[in-house]
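Please keep the sequence and the model side by side while reading, and follow each stretch of chain as it is named.

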Amino acid sequence: MTSGGGWSPGGAGLGGRVAVVAGATRGIGLAVSYALAGQGVSVVVNGRDGQAVDDTVAEIRGGGGYAVGVRGSAGDDGVAQAMVETALAEFGALDIAINCAGIAEPPGSTVLTIASGEFRQQIDAHLMSAFHLLQVAGRVFVEQGSGSVVLTGSAASLGMFGGSGYPAAKGGVNALALAAAADLRDHHVRVNVVMPGAKSRLSSGDDYVAHIEGLHRRGILDAPTRDAALDPAPPEYVAPLYVFLASDAAEHITGEIFSAAGGFIGRFESQQASFVAYRDHKGTSPYSLDELAGILAGPAAP
């Protein structure tokens, strides 16, 4: 079991804390679970595959950590509630909630080809899992006046990796996190997002390679981004950022969206509209189509 960093247990204010991790049995979620356990955190492990849940719990316990499992999709009603109730019943507390749950979009999927049911599956797996966990854990955190939520976003939300349901859901995760962070700030509850790049079942296999190569051929991905997407670092390289954001060392960080891939860490600036044009609506008419064409289709405004 890897500790995911150089901290000793409790060195970042994590020893004795309790976490729930949705999507904890594979890829990034598994690395995050191991990293938390290595810092002395008791972990409620969640995943859809019951055997994988049992194996992860056994691995953490075998390494001297504390863990219990909850089976089921975090996007389904009641699963997040079961995770939180298990944490309180088994460990007597809840301090950290992390969502790493997710599924891949169908191979070759675009907005023109994805079925509505497949689109809803993406929303459920990524956005609804984040919502359920944030809401249920957030209620506990508000009552106790402390807690950290870390959600998993994706660079796909920027539109650079194609698809439809997956980037839409991940964009929703970002918006949800920013809104929740503002709502919960006064209760000392923190909400942040990590947009990770790491080797996982979602970023490997022939279909994935074909997808990335296709995006490059179409000019959507440049060569450096294509190369990075085809050779991502192991998930152990992004797990420490999740753990850091869950720790007391990040007590003043909330409402932030980070990117992490291998040795790269980035912070997204707040979205602000750049100035294009302005006139007071009092005493003036709405813009005409010709005016809009001159403003938006012509030379850039000074």
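Where pLDDT is low, the predicted coordinates should not be read in detail.

The secondary structure comes to nine helices and eight strands, and of the 302 residues of the protein, 45% count as buried. Among contacts between residues at least 6 apart in sequence, 71% join residues that are at least 24 apart. The accessible surface comes to about 14,800 Å², and carbon and sulfur atoms account for 53% of that area.

Helix 1 is followed by Gly40, whose phi is positive, near 85 degrees.

How many salt bridges does the model contain? The count comes to five, and three of them can be followed here, including one between the side chains of Arg26 and Asp49, with an N to O distance of 3.0 Å. Arg26 lies in the loop between strand 1 and helix 1, whereas Asp49 lies in the loop between strand 2 and helix 2, so this pair ties together parts that are 23 residues apart in sequence. Arg26 is partly exposed at 37% relative accessible area, and Asp49 also counts as partly exposed, at 30%.

A salt bridge also joins the side chains of Asp54 and Arg71, at 2.7 Å from N to O; it links Asp54 in helix 2 with Arg71 in strand 3 (residues 67-71), 17 residues apart. Asp54 counts as partly exposed at 35% relative accessibility, while Arg71 is exposed at 52%. Glu256 forms a salt bridge with Arg267, the closest N and O atoms being 3.4 Å apart, and this pair links the loop between helix 8 and strand 7 with strand 8 (residues 264-267).

Thr254 lies in the loop between helix 8 and strand 7 (257-261). Is Thr254 buried or exposed? Thr254 is buried, because its relative accessible area is 12%, below the 20% cut-off for that class. Beyond its neighbours within four places in sequence, Thr254 is in contact with residues including Ala181, Arg185 and Val191, and the C-alpha atoms of Thr254 and Val191, 63 residues apart along the chain, are separated by 5.3 Å.

His188 is placed in the loop between helix 5 (165-184) and strand 6, and is exposed, with a relative accessible area of 58%. Its phi is near 65 degrees, a positive value in a residue other than glycine; most residues other than glycine have a negative phi.

Finally, Val276, Tyr287, Leu289, Leu292 and Leu296 make a nonpolar surface patch of about 470 Å². Leu289 is found in helix 9 (residues 289-297), and is exposed, with a relative accessible area of 72%.

Notes
Residues are numbered from 1 along each chain as its sequence is written. This is a predicted model: local features need pLDDT of at least 70, side-chain atom pairs count only at pLDDT 80 or more; totals for chains, interfaces and linings use all residues. Side-chain values use heavy atoms; hydrogens and water are left out. Helices (H or I, at least four residues) and strands (E, at least two) are DSSP runs, numbered from the N terminus. Patches are made of residues with over 30% relative accessible area and no salt bridge: like charges are joined within 9 Å, nonpolar side chains (Val, Leu, Ile, Met, Phe, Trp, Tyr) within 5 Å. Accessible areas come from the Shrake-Rupley method with a 1.4 Å probe; for residues, only the protein chains shown count as cover. A salt bridge is a side-chain nitrogen of Lys or Arg within 4 Å of a carboxyl oxygen of Asp or Glu. Buried means under 20% relative accessible area, exposed over 50%, partly exposed in between (1.4 Å probe, protein chains only). Contact means heavy atoms within 4.5 Å.
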